[in-house]
Amino acid sequence: MTRRDWLAPAVIGIIILLAALLWLAPHGLSKAPVVSFKSLDGNEYPLADWQGKPVLVTFWATDCPGCIREIPHLIELYEEFNKRGLEIVAVAMSYDPPNRVVEFNRRRQLPYFIALDIDGRIAQAFGNVMLTPTTFLVAPDGRIVTHKIGEFDTDSMRQQIAKLLQQT
């Protein structure tokens, strides 16, 4: 076998191996972006302020049926884990009028943090989020360990949060 005969298959094999490694690489290797969340009262809260705690960041809209269905699950997770360190930030999409978000929150009395993304910078920083709901679970060290487009599985999310809280 000449050098030329084995070179092409070897290069193809290496390419396939690298692609497989990238495909099968464990999730949670990317870092959460450096962002600040604007509260309904206009204050800014940097994500970095919650370093050392797991943070569930969910992008939502007041007219999104899947987002509305997730609210009881978010409340449940908040009530179960907030005293142990979990923070939940619900980021209203830029197209959702702030007055509608404020009224929605007033009616529902949501216990977790509601943020406005008026200019879309937060959605852009999290990889140009366009679909709702989209949820990210950020580990205490700032890694994104879960990224879910669409409604998340509550039991799976509960297990992941509990695991992160055990590590803190």
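**View 1. Glutamate 70 sits in helix H2.** The model is predicted, with local features needing pLDDT of at least 70 and side-chain atom pairs counting only at pLDDT 80 or more, while totals for chains, interfaces and linings use all residues. Residues are numbered from 1 along each chain as its sequence is written, and side-chain values use heavy atoms, leaving out hydrogens and water. Helices (H or I, at least four residues) and strands (E, at least two) are DSSP runs, numbered from the N terminus.

**View 2. Glutamate 70 is buried without a salt bridge.** Buried means under 20% relative accessible area (1.4 Å probe, protein chains only). A salt bridge needs a side-chain nitrogen of Lys or Arg within 4 Å of a carboxyl oxygen of Asp or Glu. The nearest side chain of opposite charge is lysine 148, 7.7 Å away. Leaving aside residues up to four places away in sequence, glutamate 70 touches Thr58, Pro133, Thr135, Gly150, Glu151 and Phe152. Contact means heavy atoms within 4.5 Å.

**View 3. Seven strands make an open, mixed sheet.** Their order is S2-S1-S5-S4-S3-S6-S7. Strands S2 (44-46) and S7 (144-149) are the edges; each has a single partner strand, so one side of each lacks a neighbour in the sheet. Two strands pair if DSSP finds at least two bridges between them.

**View 4. Strands S1 (residues 36-39) and S2 pair in the antiparallel sense.** Three bridges join S1 and S2. Lysine 38 has glutamate 44, in S2, as its bridge partner.

**View 5. Helix H2 (residues 65-81) packs on the sheet.** H2 touches strands S3 (55-60), S4 (87-92) and S6 (134-138). Its direction makes about 165° with that of S3. Axes are lines fitted to C-alpha atoms, for helices over the stretch in contact; angles run from 0 to 180 degrees between N-to-C directions.

Notes:
Buried < 20%, exposed > 50% of the residue type's maximum accessible area, 1.4 Å probe, protein only. Lys, Arg positive; Asp, Glu negative; His and termini not counted.
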